[in-house]
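Have the sequence and the model side by side while you read.

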Amino acid sequence: MTTTTAAAKAPAKSVLNESKQIERAAMLIGMGARMQVLESETTLSYERLIRLYKEIAGKSPSKGQLPFSTDWFLTWQENIHSSLFLNIYEYLSKGVDLDSVELLTKAYRLYSEQVTTAEIEPLLSFTRAWRLVKFVDAGMLTRTQCADCKGHFVTELYENRHYTCGLCNPPARAGKSKNAGALMLH
């Protein structure tokens, strides 16, 4: 193998590429992404990400593991928020040519705008939205159509055919919260 062939196969270190990675990481930090998301979605070193996080957020990043259970996405209010986000994400993925991080950030911004407009507290953090997409990509969660309203909701993979969503058939205590920004049933 000649030197030029070896150089062509190895990715050249690019100042422009590194600048794009820093810009991407800064955007993700601004949206509340945790370190595991940053490590997964950028090529920057852990040390560079820590320094960047401290510089942008003004504090050290949160410690601890990301939530790994699919259960959170299936509880009543959380399912409604997750389903809203995932429907936006799926819609954008069919109509816009974006890379996965751009698609995720646009969908999350639209989700945030929708819940803010409805004066509802956003329950889905950016990191949870990222995790939801990973669960769907891995086949651990999917969307199932409600037999009553025909909306698509986040469900386990093998949900029955006659699925009824939490809006059409809410749990007994659903919508009774006095917390500001909670979903209320009238």
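1. A definition to start: the expected span of a helix is 1.5 Å times one less than its number of residues. Helices here (H or I, at least four residues) and strands (E, at least two) are DSSP runs, numbered from the N terminus. Helix 7 (residues 126–137) has twelve residues, so at 1.5 Å a residue it should span 16 Å, and its end C-alpha atoms are 17 Å apart, which agrees.

2. Some housekeeping. This is a predicted model, where local features need pLDDT of at least 70, side-chain atom pairs count only at pLDDT 80 or more, and totals for chains, interfaces and linings use all residues. Residues are numbered from 1 along each chain as its sequence is written, and side-chain values use heavy atoms, with hydrogens and water left out.

3. The overall layout: the protein has seven helices and two strands, in the order α-α-α-α-α-α-α-β-β along the sequence. Of its 186 residues, 35% count as buried (under 20% relative accessible area, with exposed over 50% and partly exposed in between; 1.4 Å probe, protein chains only). Contact means heavy atoms within 4.5 Å. Among contacts in the protein with a separation of 6 or more, 54% come from residues 24 or more positions apart.

4. Back to helix 7. Which of its residues are buried? They are Phe126, Thr127, Ala129, Trp130, Arg131, Leu132, Val133 and Phe135. Their cover includes helix 2, helix 3 (35–41), helix 5 (76–95), helix 6 (100–117), strand 1 (141–145) and strand 2 (152–156).

5. Val136 also sits in helix 7. Leaving aside residues up to four places away in sequence, Val136 touches Leu86, Glu90 and Leu141. Just after helix 7, Gly139 has a positive phi of about 75°.

6. Now look at helix 2 (residues 15–30) against helix 4 (residues 46–57): they pack at an angle of about 50°, with axes 10 Å apart. Axes are lines fitted to C-alpha atoms, for helices over the stretch in contact, and angles run from 0 to 180 degrees between N-to-C directions. That angle makes helix 2 oblique to helix 4 (under 35 degrees is roughly parallel, over 145 roughly antiparallel, 65 to 115 roughly perpendicular, and the rest oblique).

7. Who meets whom there? Glu18, Ile22, Ala25, Ala26 and Ile29 of helix 2 meet Arg48, Leu49, Leu52, Tyr53, Ile56 and Ala57 of helix 4.
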